[in-house]
Amino acid sequence: MSLINRQIHLVSRPQGEASPSNFQLVEAPVPASEALAEGQVVVRHHYLSLDPYMRGRMNDSRSYAEPQPLNTVMLGGTVGEVLHSRHPKFQPGDQVLGMGGWQEYSVVDASVRGALHKVDTQHIPLSAYLGAVGMPGVTAWYGLMKIITPKSGETVVVSAASGAVGSVVGQLAKVRGCRVVGVAGGQDKCRYVVEELGFDACIDYKQHAEPKAFYQALKAATPQGVDGYFENVGGMILDAVMLRMNAFSRLAMCGMIAGYDGQPTPMQNPALILVNRMKVEGFIVSEHPDVWPEAVQELGTLVGTGRLKFKETVAQGIAAAPEAFLGLLKGKNFGKQLVKLI
Ligand code: NDP
(Lines give C-alpha, C1' and ligand atoms only; values in the text may rest on other atoms or scores of the structure.)
Protein backbone atom coordinates (compact mmCIF):
# COMPACT_ATOMS: atom_id res chain seq x y z
CA MET A 1 0.00 0.00 0.00
CA SER A 2 1.42 3.39 -0.93
CA LEU A 3 2.08 6.06 1.68
CA ILE A 4 -0.13 9.15 1.69
CA ASN A 5 1.49 12.58 1.46
CA ARG A 6 -0.61 15.31 3.06
CA GLN A 7 0.10 18.72 1.54
CA ILE A 8 -1.07 22.31 1.95
CA HIS A 9 -1.87 24.09 -1.33
CA LEU A 10 -2.40 27.80 -1.93
CA VAL A 11 -5.88 27.95 -3.47
CA SER A 12 -6.65 31.69 -3.46
CA ARG A 13 -4.86 34.99 -2.97
CA PRO A 14 -5.50 37.15 0.11
CA GLN A 15 -7.30 40.46 -0.14
CA GLY A 16 -5.64 42.30 2.75
CA GLU A 17 -5.03 39.88 5.62
CA ALA A 18 -4.31 36.26 4.73
CA SER A 19 -6.88 33.75 6.04
CA PRO A 20 -7.28 29.97 6.45
CA SER A 21 -9.51 29.90 3.33
CA ASN A 22 -6.45 30.73 1.18
CA PHE A 23 -5.12 27.24 1.93
CA GLN A 24 -6.36 23.69 1.35
CA LEU A 25 -5.25 20.32 2.69
CA VAL A 26 -4.71 17.87 -0.21
CA GLU A 27 -3.68 14.19 -0.18
CA ALA A 28 -1.40 12.62 -2.78
CA PRO A 29 0.43 9.28 -2.95
CA VAL A 30 4.15 9.08 -2.12
CA PRO A 31 5.94 7.47 -5.10
CA ALA A 32 7.32 3.99 -4.44
CA SER A 33 11.10 3.58 -4.68
CA GLU A 34 10.75 1.64 -8.01
CA ALA A 35 8.99 4.66 -9.53
CA LEU A 36 11.91 7.05 -8.89
CA ALA A 37 14.00 8.35 -11.79
CA GLU A 38 17.81 8.33 -11.67
CA GLY A 39 19.00 11.01 -9.19
CA GLN A 40 15.68 11.31 -7.36
CA VAL A 41 15.33 11.03 -3.59
CA VAL A 42 12.20 10.75 -1.41
CA VAL A 43 12.52 12.74 1.81
CA ARG A 44 10.29 12.28 4.84
CA HIS A 45 10.03 15.71 6.47
CA HIS A 46 10.48 16.05 10.21
CA TYR A 47 10.07 19.84 10.40
CA LEU A 48 8.68 22.53 8.12
CA SER A 49 9.86 26.13 8.49
CA LEU A 50 7.28 28.94 8.45
CA ASP A 51 8.75 32.30 7.44
CA PRO A 52 7.36 35.80 6.86
CA TYR A 53 8.56 35.89 3.20
CA MET A 54 5.84 33.32 2.39
CA ARG A 55 3.21 36.04 2.86
CA GLY A 56 4.72 38.04 -0.03
CA ARG A 57 4.62 35.01 -2.30
CA MET A 58 0.88 34.60 -1.70
CA ASN A 59 0.28 37.85 -3.62
CA ASP A 60 0.36 38.12 -7.38
CA SER A 61 2.30 41.38 -7.38
CA ARG A 62 5.79 42.54 -8.21
CA SER A 63 8.21 41.63 -5.45
CA TYR A 64 11.67 40.25 -5.00
CA ALA A 65 10.13 36.77 -4.67
CA GLU A 66 8.17 35.10 -7.48
CA PRO A 67 4.45 34.67 -6.68
CA GLN A 68 3.44 31.19 -5.56
CA PRO A 69 1.31 29.62 -8.36
CA LEU A 70 -2.24 28.75 -7.25
CA ASN A 71 -3.17 25.11 -6.56
CA THR A 72 0.41 24.08 -5.85
CA VAL A 73 2.16 23.05 -2.63
CA MET A 74 3.26 26.08 -0.59
CA LEU A 75 7.01 26.54 -0.88
CA GLY A 76 9.09 26.25 2.28
CA GLY A 77 12.27 25.00 3.91
CA THR A 78 12.24 21.50 5.42
CA VAL A 79 14.51 19.13 7.29
CA GLY A 80 14.02 15.39 7.39
CA GLU A 81 15.45 12.02 6.49
CA VAL A 82 15.98 10.20 3.24
CA LEU A 83 13.42 7.44 2.78
CA HIS A 84 14.37 6.16 -0.72
CA SER A 85 17.25 7.21 -2.91
CA ARG A 86 18.37 6.77 -6.49
CA HIS A 87 21.27 9.17 -5.98
CA PRO A 88 24.67 7.74 -5.02
CA LYS A 89 25.40 10.52 -2.48
CA PHE A 90 22.22 10.00 -0.44
CA GLN A 91 21.32 6.90 1.55
CA PRO A 92 18.11 6.06 3.43
CA GLY A 93 18.38 7.53 6.92
CA ASP A 94 20.55 10.51 5.92
CA GLN A 95 19.42 13.73 7.60
CA VAL A 96 18.86 16.44 5.02
CA LEU A 97 17.90 20.09 4.53
CA GLY A 98 15.94 21.18 1.47
CA MET A 99 13.00 23.19 0.16
CA GLY A 100 10.45 20.40 0.43
CA GLY A 101 7.44 22.67 0.93
CA TRP A 102 4.34 22.41 3.11
CA GLN A 103 3.95 18.64 2.89
CA GLU A 104 4.95 15.47 4.71
CA TYR A 105 7.17 14.02 1.96
CA SER A 106 8.92 15.42 -1.10
CA VAL A 107 10.55 13.96 -4.19
CA VAL A 108 13.78 15.85 -4.86
CA ASP A 109 16.06 15.74 -7.88
CA ALA A 110 19.23 15.53 -5.80
CA SER A 111 21.41 15.98 -8.88
CA VAL A 112 20.36 19.66 -9.00
CA ARG A 113 23.10 21.62 -7.24
CA GLY A 114 21.99 22.84 -3.80
CA ALA A 115 18.63 21.03 -3.89
CA LEU A 116 19.44 18.81 -0.91
CA HIS A 117 22.13 19.16 1.77
CA LYS A 118 23.22 16.52 4.24
CA VAL A 119 23.41 17.93 7.77
CA ASP A 120 25.32 16.87 10.85
CA THR A 121 23.08 16.45 13.88
CA GLN A 122 25.76 15.29 16.31
CA HIS A 123 26.24 18.73 17.85
CA ILE A 124 23.38 20.70 16.31
CA PRO A 125 19.70 19.70 16.55
CA LEU A 126 18.05 19.01 13.19
CA SER A 127 15.48 21.79 13.59
CA ALA A 128 18.20 24.43 14.08
CA TYR A 129 19.08 24.09 10.39
CA LEU A 130 15.79 25.91 9.73
CA GLY A 131 16.56 28.61 12.30
CA ALA A 132 19.74 29.83 13.95
CA VAL A 133 22.02 27.69 11.75
CA GLY A 134 19.85 28.05 8.65
CA MET A 135 18.36 30.76 6.48
CA PRO A 136 17.24 33.07 9.36
CA GLY A 137 20.66 32.79 11.05
CA VAL A 138 22.51 33.57 7.83
CA THR A 139 20.14 36.50 7.26
CA ALA A 140 21.13 37.89 10.66
CA TRP A 141 24.80 37.27 9.97
CA TYR A 142 24.72 38.93 6.55
CA GLY A 143 22.85 42.08 7.59
CA LEU A 144 24.98 42.55 10.68
CA MET A 145 28.40 41.67 9.30
CA LYS A 146 28.15 42.97 5.75
CA ILE A 147 25.91 46.02 6.15
CA ILE A 148 26.07 47.19 9.77
CA THR A 149 29.72 46.10 10.22
CA PRO A 150 29.57 46.57 14.01
CA LYS A 151 32.51 47.80 16.05
CA SER A 152 33.05 47.13 19.73
CA GLY A 153 31.38 49.79 21.87
CA GLU A 154 28.81 50.77 19.22
CA THR A 155 25.06 50.58 19.82
CA VAL A 156 23.02 48.20 17.67
CA VAL A 157 19.20 48.08 17.69
CA VAL A 158 17.16 45.22 16.25
CA SER A 159 13.37 44.91 15.86
CA ALA A 160 11.41 41.62 16.12
CA ALA A 161 14.21 40.91 18.59
CA SER A 162 12.94 37.62 20.03
CA GLY A 163 12.32 36.11 16.59
CA ALA A 164 14.37 33.76 14.43
CA VAL A 165 16.43 36.51 12.78
CA GLY A 166 16.40 39.21 15.49
CA SER A 167 17.54 36.92 18.30
CA VAL A 168 20.63 35.95 16.30
CA VAL A 169 21.40 39.55 15.29
CA GLY A 170 21.52 40.67 18.91
CA GLN A 171 23.63 37.76 20.14
CA LEU A 172 26.14 38.15 17.29
CA ALA A 173 26.39 41.86 18.04
CA LYS A 174 27.01 41.10 21.74
CA VAL A 175 29.82 38.71 20.74
CA ARG A 176 31.35 41.69 18.91
CA GLY A 177 31.24 43.90 21.98
CA CYS A 178 28.28 46.11 21.10
CA ARG A 179 25.57 47.57 23.28
CA VAL A 180 22.45 45.78 21.98
CA VAL A 181 18.89 47.01 22.31
CA GLY A 182 15.97 44.90 21.11
CA VAL A 183 12.40 45.87 20.26
CA ALA A 184 9.73 43.20 20.78
CA GLY A 185 6.02 42.79 21.41
CA GLY A 186 5.21 41.94 25.02
CA GLN A 187 6.90 41.67 28.39
CA ASP A 188 7.66 37.95 28.10
CA LYS A 189 9.53 38.44 24.85
CA CYS A 190 11.46 41.42 26.24
CA ARG A 191 12.37 39.59 29.43
CA TYR A 192 13.63 36.62 27.42
CA VAL A 193 15.72 38.85 25.16
CA VAL A 194 17.49 40.50 28.11
CA GLU A 195 17.64 37.69 30.66
CA GLU A 196 18.24 34.68 28.39
CA LEU A 197 19.88 36.15 25.31
CA GLY A 198 21.96 38.79 27.10
CA PHE A 199 20.76 41.93 25.30
CA ASP A 200 21.42 45.13 27.27
CA ALA A 201 17.84 46.35 27.00
CA CYS A 202 14.58 45.62 25.22
CA ILE A 203 11.63 47.90 24.53
CA ASP A 204 8.12 46.52 24.46
CA TYR A 205 6.44 48.41 21.63
CA LYS A 206 3.03 47.19 22.77
CA GLN A 207 3.51 48.74 26.21
CA HIS A 208 4.77 51.96 24.56
CA ALA A 209 2.15 52.04 21.84
CA GLU A 210 2.21 55.82 21.36
CA PRO A 211 5.07 56.98 19.09
CA LYS A 212 6.23 59.58 21.65
CA ALA A 213 6.29 57.09 24.52
CA PHE A 214 8.14 54.58 22.36
CA TYR A 215 10.68 57.19 21.33
CA GLN A 216 11.28 58.21 24.97
CA ALA A 217 11.88 54.57 25.98
CA LEU A 218 14.24 54.10 23.06
CA LYS A 219 16.10 57.28 23.92
CA ALA A 220 16.63 56.12 27.49
CA ALA A 221 17.97 52.75 26.23
CA THR A 222 20.33 54.32 23.68
CA PRO A 223 22.14 57.14 25.53
CA GLN A 224 24.93 57.20 22.91
CA GLY A 225 22.50 57.14 19.96
CA VAL A 226 22.33 54.25 17.48
CA ASP A 227 25.16 53.19 15.15
CA GLY A 228 23.51 50.18 13.53
CA TYR A 229 19.85 49.34 13.05
CA PHE A 230 18.69 45.92 11.83
CA GLU A 231 15.15 46.51 10.55
CA ASN A 232 12.60 43.70 10.52
CA VAL A 233 9.34 45.57 11.04
CA GLY A 234 8.95 49.15 9.65
CA GLY A 235 6.31 51.74 10.59
CA MET A 236 6.43 53.49 13.95
CA ILE A 237 9.47 51.52 15.13
CA LEU A 238 11.54 52.55 12.12
CA ASP A 239 10.56 56.22 12.52
CA ALA A 240 11.57 56.26 16.18
CA VAL A 241 14.92 54.54 15.58
CA MET A 242 15.68 56.95 12.72
CA LEU A 243 15.51 59.81 15.22
CA ARG A 244 18.25 58.14 17.31
CA MET A 245 20.64 57.29 14.43
CA ASN A 246 24.14 58.75 14.71
CA ALA A 247 26.22 60.35 11.99
CA PHE A 248 27.58 57.65 9.63
CA SER A 249 25.26 55.02 11.05
CA ARG A 250 24.16 51.96 9.05
CA LEU A 251 20.68 50.55 8.54
CA ALA A 252 20.25 46.98 7.26
CA MET A 253 16.79 46.78 5.68
CA CYS A 254 15.89 43.13 6.16
CA GLY A 255 12.09 43.07 6.46
CA MET A 256 9.02 45.26 6.99
CA ILE A 257 6.54 42.80 8.45
CA ALA A 258 4.22 45.59 9.66
CA GLY A 259 3.23 46.10 6.00
CA TYR A 260 3.01 42.52 4.71
CA ASP A 261 -0.81 42.52 4.67
CA GLY A 262 -0.78 45.61 2.48
CA GLN A 263 -0.83 48.33 5.16
CA PRO A 264 1.07 51.47 4.08
CA THR A 265 4.36 51.95 5.98
CA PRO A 266 5.48 55.47 5.09
CA MET A 267 8.79 56.76 6.41
CA GLN A 268 8.21 60.01 8.27
CA ASN A 269 11.61 61.60 7.97
CA PRO A 270 13.81 60.32 5.12
CA ALA A 271 15.85 63.56 5.24
CA LEU A 272 17.61 62.04 8.28
CA ILE A 273 19.44 59.71 5.88
CA LEU A 274 21.10 62.77 4.40
CA VAL A 275 21.50 64.74 7.61
CA ASN A 276 23.23 61.78 9.31
CA ARG A 277 25.07 60.57 6.16
CA MET A 278 23.54 57.16 6.77
CA LYS A 279 24.04 53.97 4.80
CA VAL A 280 20.70 52.27 4.17
CA GLU A 281 20.89 48.94 2.36
CA GLY A 282 18.26 46.33 1.61
CA PHE A 283 19.26 42.73 0.98
CA ILE A 284 17.88 39.29 0.21
CA VAL A 285 19.89 36.54 1.85
CA SER A 286 19.43 34.03 -0.97
CA GLU A 287 21.31 36.39 -3.30
CA HIS A 288 24.49 36.03 -1.24
CA PRO A 289 25.40 32.33 -1.44
CA ASP A 290 29.08 33.28 -1.13
CA VAL A 291 28.73 34.14 2.60
CA TRP A 292 26.84 30.99 3.61
CA PRO A 293 29.86 28.79 4.41
CA GLU A 294 31.48 31.42 6.66
CA ALA A 295 28.19 32.35 8.30
CA VAL A 296 27.08 28.75 8.92
CA GLN A 297 30.52 27.93 10.29
CA GLU A 298 30.28 30.65 12.94
CA LEU A 299 26.59 30.05 13.70
CA GLY A 300 27.10 26.27 13.95
CA THR A 301 30.07 26.68 16.29
CA LEU A 302 28.18 29.11 18.53
CA VAL A 303 25.06 26.91 18.68
CA GLY A 304 27.09 23.71 19.14
CA THR A 305 28.95 25.24 22.08
CA GLY A 306 25.84 26.75 23.65
CA ARG A 307 26.90 30.36 23.12
CA LEU A 308 24.08 31.13 20.68
CA LYS A 309 20.67 30.41 22.16
CA PHE A 310 17.40 30.05 20.33
CA LYS A 311 13.77 29.36 21.04
CA GLU A 312 11.19 27.54 18.92
CA THR A 313 7.42 27.56 18.68
CA VAL A 314 6.37 24.20 17.27
CA ALA A 315 2.94 23.47 15.78
CA GLN A 316 2.02 19.80 15.45
CA GLY A 317 1.05 18.23 12.11
CA ILE A 318 0.78 19.59 8.58
CA ALA A 319 -2.89 20.55 9.03
CA ALA A 320 -1.79 23.08 11.68
CA ALA A 321 0.54 24.92 9.27
CA PRO A 322 -1.89 27.60 7.95
CA GLU A 323 -2.99 28.67 11.43
CA ALA A 324 0.60 28.71 12.70
CA PHE A 325 1.65 30.80 9.71
CA LEU A 326 -1.14 33.34 10.23
CA GLY A 327 -0.11 33.51 13.90
CA LEU A 328 3.50 34.27 12.90
CA LEU A 329 2.27 37.33 10.99
CA LYS A 330 0.62 38.55 14.21
CA GLY A 331 3.51 37.84 16.56
CA LYS A 332 1.94 34.76 18.19
CA ASN A 333 5.20 32.87 17.67
CA PHE A 334 7.93 33.13 20.28
CA GLY A 335 11.18 32.39 18.47
CA LYS A 336 11.47 30.32 15.31
CA GLN A 337 8.09 29.06 14.05
CA LEU A 338 8.20 25.41 12.97
CA VAL A 339 5.71 22.66 12.19
CA LYS A 340 6.61 19.17 13.40
CA LEU A 341 5.54 16.57 10.89
CA ILE A 342 6.31 13.25 12.55
P1 NDP B 1 10.11 36.20 13.48
O2 NDP B 1 10.48 34.88 14.05
O3 NDP B 1 10.74 37.41 14.02
O4 NDP B 1 8.54 36.34 13.53
C5 NDP B 1 7.93 37.51 13.08
C6 NDP B 1 7.81 38.52 14.22
O7 NDP B 1 7.54 39.79 13.67
C8 NDP B 1 6.65 38.24 15.15
O9 NDP B 1 6.94 37.30 16.14
C10 NDP B 1 6.40 39.61 15.73
O11 NDP B 1 7.24 39.79 16.87
C12 NDP B 1 6.88 40.55 14.64
N13 NDP B 1 5.71 41.22 14.03
C14 NDP B 1 4.75 40.68 13.32
N15 NDP B 1 3.87 41.62 12.93
C16 NDP B 1 4.33 42.79 13.43
C17 NDP B 1 3.86 44.11 13.38
N18 NDP B 1 2.75 44.44 12.72
N19 NDP B 1 4.57 45.05 14.02
C20 NDP B 1 5.69 44.72 14.68
N21 NDP B 1 6.18 43.48 14.76
C22 NDP B 1 5.49 42.51 14.13
O23 NDP B 1 10.37 36.16 11.90
P24 NDP B 1 11.79 36.03 11.20
O25 NDP B 1 12.84 36.21 12.21
O26 NDP B 1 11.77 34.82 10.37
O27 NDP B 1 11.80 37.28 10.22
C28 NDP B 1 12.03 38.59 10.73
C29 NDP B 1 12.04 39.56 9.56
O30 NDP B 1 13.14 39.23 8.70
C31 NDP B 1 10.79 39.56 8.70
O32 NDP B 1 10.49 40.88 8.36
C33 NDP B 1 11.22 38.78 7.47
O34 NDP B 1 10.47 39.11 6.34
C35 NDP B 1 12.66 39.21 7.36
N36 NDP B 1 13.52 38.29 6.61
C37 NDP B 1 14.22 38.82 5.54
C38 NDP B 1 15.09 38.05 4.84
C39 NDP B 1 15.89 38.68 3.75
O40 NDP B 1 16.59 37.97 3.03
N41 NDP B 1 15.82 39.99 3.59
C42 NDP B 1 15.26 36.62 5.12
C43 NDP B 1 14.52 36.17 6.31
C44 NDP B 1 13.68 37.00 7.00
P45 NDP B 1 6.76 40.75 18.07
O46 NDP B 1 5.76 39.98 18.84
O47 NDP B 1 8.00 41.03 18.80
O48 NDP B 1 6.15 41.94 17.41
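Which helices each supply at least two residues of the shell around the ligand? I looked this up first. They are α2 (135-148) and α3 (164-175). I note that the model is predicted.

**Entry: the shell**

I listed the residues around the ligand and found 27. Those that come nearest are V165, K189, Y205, Y260 and N333. I then sorted the shell by class. It has 18 nonpolar residues, eight polar ones and one charged one. Next I checked the domains. Domain 1 (4-131 + 310-340) gives the shell at least three residues, and domain 2 (135-286) also gives at least three.

**Entry: backbone atoms and the ligand**

I looked for polar backbone atoms by the ligand's nitrogen atoms. At F283, a backbone N or O atom lies 2.8 Å from a ligand nitrogen. At C254, the distance from a polar backbone atom to a nitrogen of the ligand is 3.0 Å. At L329, a polar backbone atom is 3.4 Å from a ligand nitrogen. Then I looked up the cover. The ligand taken alone exposes 900 Å², and the protein buries 92% of that.

**Entry: H45**

I turned to H45, which lies in strand β3 (residues 40-49). Is H45 buried or exposed? H45 counts as buried because its relative accessibility is 0%, and the cut-off for buried is under 20%. I looked at its side chain next. A polar atom there lies 2.6 Å from the backbone oxygen of Q103. Leaving out residues up to four places away in sequence, I found that H45 touches several others, among them T78, V79, G80, Y105 and I342. Q103 is also one of the residues that H45 touches.

Conventions: Residues numbered from 1 in each chain as written. Predicted model: local features only at pLDDT ≥ 70, side-chain atom pairs only at ≥ 80, totals over all residues. Heavy atoms only, no water. Near = heavy atom within 4 Å. Polar contact = N/O pair within 3.5 Å; in protein donor to acceptor, adjacent residues only side chain to side chain. Areas by Shrake-Rupley, 256 points an atom, 1.4 Å probe, with all protein chains shown as cover. Helix = DSSP H or I, 4+ residues; strand = E, 2+ residues; numbered from the N terminus. Nonpolar A, V, L, I, M, F, W, Y, C, P; charged D, E, K, R; others polar. Domains from an automatic or database assignment. Buried < 20%, exposed > 50% of the residue type's maximum accessible area, 1.4 Å probe, protein only. Contact = heavy atoms within 4.5 Å.
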